[in-house]
Amino acid sequence: MIIRDLTDADYPAVLELYTALDRIHFETRPDYFGQRACSYPKDAYDECLADGEVLMLGAFEGERIVGITRATLWNKSGM
């Protein structure tokens, strides 16, 4: 398994994972989760890639993406 930064080229695979997750949420709790036209809009993905305070990683088995994670740096005042 390789873990690396996500790139623009990874968007279609990332969108597939988000779409599958949304489907599971909606099927399990339709009273809470609504169906969305797009699980992860491209402009939102691009904003995260461009933001220096957002870390987006993908886990890959060969060429196949098998997982993703996203972390955002939050600065707390007074600390």
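Predicted model: local features only at pLDDT ≥ 70, side-chain atom pairs only at ≥ 80, totals over all residues.
Serine 39 counts as buried, because its relative accessibility is 8%, and here buried means under 20% relative accessible area, exposed means over 50%, and partly exposed covers what lies in between, with a 1.4 Å probe and protein chains only. Residues are numbered from 1 along each chain as its sequence is written, and side-chain values use heavy atoms, with hydrogens and water left out.

Serine 39 sits in the loop between α1 and α2, where helices (H or I, at least four residues) and strands (E, at least two) are DSSP runs numbered from the N terminus. Its side chain is joined to that of aspartate 22 by a polar contact of 2.8 Å; by polar contact I mean a pair of N or O atoms within 3.5 Å, where within protein one must be able to donate a hydrogen and the other to accept it, and where residues adjacent in sequence count only if both atoms are side-chain atoms. Once residues up to four places away in sequence are set aside, serine 39 touches Leu15, Tyr18, Thr19 and Asp22, contact being heavy atoms within 4.5 Å.

Which residues of α1 are buried? They include Tyr11, Val14 and Asp22, and, seen down the helix axis, the buried residues fall within an arc of 70 degrees, so they line one face of the helix, the arc being that of the directions from the axis to the C-beta atoms. Among what covers them are α2 (42-50) and β3 (64-72), whereas the face turned away from the buried side carries the exposed residues Pro12, Glu16, Glu27 and Thr28. Threonine 28 is exposed at a relative accessible area of 57%, and its side chain reaches the backbone oxygen of isoleucine 24 at 2.7 Å.

Next, the rings. A search of the whole structure finds four aromatic pairs, where rings of Phe, Tyr and Trp (its six-membered ring) pair if their centres lie within 6.5 Å, planes under 30 degrees apart counting as stacked, over 60 as edge-to-face and the rest as tilted. The rings of tyrosine 40 and tyrosine 45 have centres 5.7 Å apart and planes at 85 degrees, so this pair is edge-to-face. Tyrosine 40 is buried at a relative accessible area of 6%, and tyrosine 45 is buried at 0%. Ring pairs link Tyr11, Tyr18, Tyr40 and Tyr45 into a cluster, and lysine 42 lies over the face of tyrosine 11, at 5.5 Å from the ring centre; a charge sits over a ring if NZ of Lys or CZ of Arg is within 6 Å of the ring centre and within 35 degrees of the ring normal.

Finally, I turn to aspartate 10, in the loop between β1 (2-5) and α1 (11-28), which counts as buried at 8% relative accessibility. What does its side chain meet? It makes a polar contact of 2.7 Å with the side chain of arginine 4, and a polar atom of the aspartate 10 side chain lies 2.8 Å from the backbone nitrogen of threonine 7. Beyond its neighbours within four places in sequence, aspartate 10 is in contact with Arg4, Asp5, Tyr45 and Phe60. Arginine 4, in turn, lies over the face of phenylalanine 60, at 4.0 Å from the ring centre. Phenylalanine 60 and isoleucine 3 are 57 residues apart in sequence but 6.2 Å apart in space, C-alpha to C-alpha, and isoleucine 3, in strand β1, is exposed, with a relative accessible area of 57%.
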